[in-house]
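This briefing is meant to be read with the sequence and the 3D view side by side.

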Amino acid sequence: MTTGPDSLDAIVVGGGIVGCAAAFYLARRGLAVALIERNNVGGGTTSASFAWINGTAKVTEDAYHRLNALGTDLHRELAVALGEESLGYHPDGMLQWVSADDEARLKAMRHRAERLKALDYPVAVVGGREFAALEPYVRCGRNGEALMAMADSWLDAPKFTRCLAGELRAMGSWVLEQCAAKELSVSDDGVVTGVVTERGRLEATSVVVAAGPDTPEVLGQLIGFEAYATRFPMNRVPGLLVTSPSTAPARLLRHITYFDVEPGEIHLRPAPNGGLRMGAPDIDGWVADDSSPERVRRAAIELLRRAKAVIRGFPGEACIDECDIAIGIRPVPQDGKSIAGPVPGAEGLFLIATHSGITLAPVLGELMAEAVADGVTPELLQPFSLKRFPGFL
């Protein structure tokens with residue numbers, strides 16, 4: 001173990017939830033770690049996420065579901081160890097409501113429930129009467145069913161990230177904000193020896209890049225090959241999120257809740273401020289990270305209208321000027337699954353790039369810490385290597 005910020009065991013580039021988790025688990029193994037973030041820890045995509053921790057959305061492939069389910073398990077373990085309040089962890093569960101009139105979606109929901117049960121993920125199908133008892137402010141009535149996922153939860157992701165950064169400092173590691181990485185330091189035989197930052201050079205035997213949607217550009221800059229960014233197998237996918245002001249004294253929603261009913265699909269959950277956070281896949285298609293304020297406002301108003309249609313007592317577009325409206329840019333690998341592990345051809349350089357970073361941060365962080373510390377890629381991480389993409393062998 002090394003003794004100062006100039007000589008480290010590992011450097012993590014990127015202070016979002018994934019980078020903070022990787023640094024946290026590296027430090028828990030006794031390594032001397034520096035986390036470097038060009039802005040502030042917990043900003044960027046981490047602060048503009050629906051932040052649904054779940055194993056219910058990924059069911060088509062066993063390995064990827066298992067990774068997500070382990071993510072939910074590790075979130076619970078961290079909450080026990082560090083405290084739900086400290087982490088901003090809310091184990092409220094998820095409800096997906098389907099009307100009995102929509103036979104196709106009802107069949108698909110029941111099939112998903114059976115698939116999740118076969119994967120040993122705790123779910124149940126509840127009837128309309130039970131759903132009404134769980135969510136008394138919802139207008140959907142009792143003519144339908146809901147998938148209930150008891151292991152799902154939601155996260156105040158910036159709070160979680162700041163908590164892990166605090167734990168890092170308490171373990172004697174370094175959190176350097178407003179500190180951009182400029183280039184890798186590499187020995188004559190191609191082995192990574194550190195990172196040159198805006199504040200100077202940091203020496204380390206391993207570097208982990210976890211830069212979210214900016215991963216391709218950051219990697220290209222670090223290795224001195226900007227064209228790398230255009231080849232990297234990841235897309236930047238925008239998502240619109242609206243957070244309403246507090247609805248106190250009423251608590252209008254108790255679970256993460258998905259609806260696919262008129263006037264349109266919407267997902268909602270409680271928010272830390274006592275309001276509701278909401279989004280919808282089709283509304284995401286209305287916006288981009290450079291959309292005009294007028295276009296973003298129109299999309300936000302549509303979300304608020306949909307929320308009013310399903311939640312009794314919710315003011316809808318009347319509260320638009322009091323809402324927090326954000327566009328989060330999600331890093332989505334081309335095949336939809338995480339990229340995590342060593343970077344081919346660069347000894348000592350590691351990478352994490354993933355959608356579902358809220359769910360996966362603890363498990364990818366722990367597995368990456370194992371790979372860095374032991375020098376062997378864990379079996380659970382092997383299917384998610386960058387090598388699976390053409391041109392990255």
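Helices and strands are here DSSP runs, of at least four residues for helices and at least two for strands, and they are numbered from the N terminus; by that naming, Pro 249 is found in the loop between E13 and E14. The model is a predicted one, and the points below should be read with that in mind.

**The sheet**
- Eight strands form an open sheet with mixed pairing, and their order across the sheet is E6-E7-E5-E14-E15-E16-E13-E17.
- Because strand E6 (123-127) and strand E17 (324-333) each have a single partner strand, they stand at the edges, and one side of each is left without a neighbour in the sheet.
- On average, neighbouring strands of this sheet are turned by 25° against each other, when direction is ignored.
- Strands of a sheet pair through backbone hydrogen bonds, in either a parallel or an antiparallel manner.
- Strand E13 (residues 234-243) and E17 run antiparallel and are joined by 10 bridges, and within E17 it is Val 332 that stands opposite Asn 235.

**Helix H4 and the residue Val 59**
- Helix H4 (residues 103-118) lies across strand E5 (94-99), E6, strand E7 (144-149) and strand E14 (256-261), and it runs at about 25° to E7.
- Val 59 belongs to the loop between strand E3 (52-53) and helix H2 (62-82), and it counts as buried because its relative accessibility of 12% falls under the 20% cut-off.
- Leaving aside residues up to four places away in sequence, Val 59 touches Arg 112, Arg 115, Leu 116 and Leu 119.
- Although Val 59 and Leu 119 are 60 residues apart along the chain, their C-alpha atoms are separated by 8.4 Å.

**Backbone geometry in the loops**
- Most residues other than glycine have a negative phi, and most peptide bonds are trans.
- The peptide bond that joins Ala 248 and Pro 249 is cis, with an omega of about 10°.
- Asp 120, which is not a glycine, has a positive phi of about 65°; this residue is found in the loop between H4 and E6, and it is exposed, with a relative accessible area of 71%.
- Ser 356, likewise not a glycine, has a positive phi of about 60°; it is found in the loop between strand E19 (349-353) and helix H11 (357-374), and at 14% relative accessibility it counts as buried.

Methods
Residues are numbered from 1 along each chain as its sequence is written. This is a predicted model: local features need pLDDT of at least 70, side-chain atom pairs count only at pLDDT 80 or more; totals for chains, interfaces and linings use all residues. Side-chain values use heavy atoms; hydrogens and water are left out. Two strands pair if DSSP finds at least two bridges between them. Axes are lines fitted to C-alpha atoms, for helices over the stretch in contact, and angles run from 0 to 180 degrees between N-to-C directions. Contact means heavy atoms within 4.5 Å. Buried means under 20% relative accessible area, exposed over 50%, partly exposed in between (1.4 Å probe, protein chains only).
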